[in-house]
Each structure stands twice: as structure tokens, then as C-alpha cells.
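Here is a quick tour of one model, covering its loops, its nonpolar cores and a couple of helix pairs. Have the structure open while you read.

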Amino acid sequence: YSRELMELFCLGRGHYTQTDVENGAKALAGYWVDWESGTSGFHEYAALNAPVTFLGKPAKRAADVINTVCDHPACPTWITTKLYRHLTGTKTNKALPTWARSFRTSGMDIRLLVETIVRHPSFLEGRNTRPRTPVEWVIPAMAALGLTDKDLRRNTLYNMGQMPFYPPNVSGWPTGSRWLSASFALARASLAVQTDGIAAIAASSDPVNATFKRCSM
């Protein structure tokens, strides 16, 4: 977890050493989670008795690890860039350094960062830069088609390869054009034919407004 925290979620490669990985793991030791009951706890006997050096600072418990990682100068840039790529499908934007500084100044306010990105003119200018993931497609599609069957929603997401809360690995689901494959197109079509929503829209004298009306229900 120490490595994943730094490499995948907060800093990226090149900003830590193997010693940091090992010392971070030592400072995180002692915590446990019972997935059956949803409870957690801490075993004092398994934890450090004295701080270790982690990213150049003393760390003894999980809070020390998290605070040190978040205080690292690479953290706001890494999170801002990763979030921007997730939302837009593009890798760079000349405003990224400014957004990263504002993110740091805000106290790492994720909601404010998301608002900054989606309200920027470049967000609306960048059309068709990435495909929707199954979750992003299925939820609004079912709402627009008037489908409320939870089993249908779950099964469709499962067939499309994105069951919520069950990613294939710790880094999450892959991005990119894989979500546009023929098998996913068939899954989308299969969902659409299970409702009269398509027929109702097609039969309308104004299909566009009929679609918007269904989406706003």
C-alpha cells in the first residue's frame, strides 16, 4: 500500500525511493479491516515504537504517512494531471500548472479542482476526446429510457466489464478506446431494445426534444 499510495495515487514514479516504500509500510503497520463486518482497528503490538524517515520526514503512524505524501510538492501536480486526463481524455493543458497551484492553496479541495476543470473553456472545446465508461453510459441511458430494474443495471455493467467497486486491480479500470469495442456496442444495443423508450423517441415529431425530456425525468 505504501508504494501504491505514492506511485499510483499521489506522487508518481521518481519521487520516492525503495527505502521510502519500506519505511512507509512500517509506519502503516498495525491497522486491520474486517471486510465482512465493515469494522477496522489497530494492533499496537504490530506498530512502530519509534518514527522512521519517510520522504525526508519522521513518520510513525498512518496519519504521518498521509500528511507527508500530501505535503510533497509533486502531489498537487500529479493529482491535477491525473484528474484532468480522466475527465477529458487528453494529457496536457497549459493551465495545468496554475490549477495545481490553486489546488494546493485550496487545501487539496477535490471538488473545487473538478469545478475548475469542467468550467474552463477548454473542457467544452474538447469534444469526443474519450469514450464513456460503462458506468457513465449505463446510468444515464437507463434513466433516459425509463428503466429502473437494478438487476438489469448490474448485469449490463457486469457484461460490459465495469462492475462498480470491483476493479480488475488496484489502479482501477483501464481507459481508452477499449470501451468502443464491438462487444460493448452489442451490450448497449441489448439494453436499448428492452424498452419502449427508443420507439417513443423515434415516433415523436421532435425526437431531440423528446430525448431531452426523457433525460430530465
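Let's start in the loop between H5 and H6, where Met108 sits; helices here are DSSP runs of H or I with at least four residues, strands are E runs of at least two, and both are numbered from the N terminus. Keep in mind that this is a predicted model, in which local features need pLDDT of at least 70 and side-chain atom pairs count only at pLDDT 80 or more, while totals for chains, interfaces and linings use all residues. Residues are numbered from 1 along each chain as its sequence is written, and side-chain values use heavy atoms, with hydrogens and water left out.

Met108 is not a glycine, yet its phi is positive, near 65°. Its relative accessibility is 21%, so Met108 counts as partly exposed (buried is under 20% relative accessible area, exposed over 50%, partly exposed in between, with a 1.4 Å probe and protein chains only). Leu55 has a positive phi too, about 55°, and lies in the loop between S3 and strand S4 (57-59). At 17% relative accessibility, Leu55 counts as buried.

Leu55 also turns up in the largest nonpolar core: of its 27 residues, Met6, Leu11, Phe54, Leu55, Val65, Val69 and Trp99 touch the most other members. Such a core is a set of buried Ala, Val, Leu, Ile, Met, Phe, Trp, Tyr and Cys residues joined through side-chain atoms within 4.5 Å. H4 is its top contributor, giving 4 residues. Leaving out residues up to four places away in sequence, Val65 touches Leu5, Gly24, Ala27, Leu28, Phe54 and Ala59 (contact means heavy atoms within 4.5 Å). A second, separate core has 12 residues, including Val138, Leu157, Met160 and Trp179.

Now for two helix pairs. Axes are lines fitted to C-alpha atoms, for helices over the stretch in contact, and angles run from 0 to 180 degrees between N-to-C directions.

| Pair | Axis separation | Angle |
|---|---|---|
| H4 and H5 | within 8 Å | roughly 120° |
| H1 and H2 | 7 Å | about 125° |

The angle makes H4 oblique to H5; under 35 degrees would be roughly parallel, over 145 roughly antiparallel, 65 to 115 roughly perpendicular, and the rest is oblique. In the H4 and H5 contact, Pro76, Thr77, Ile79, Thr80, Thr81 and Tyr84 of H4 meet Leu96, Trp99, Ala100, Phe103 and Arg104 of H5. On the H1 side of the other pair are Ser2, Arg3 and Met6, facing Gln18, Asp20, Val21, Gly24, Ala25 and Leu28 of H2.
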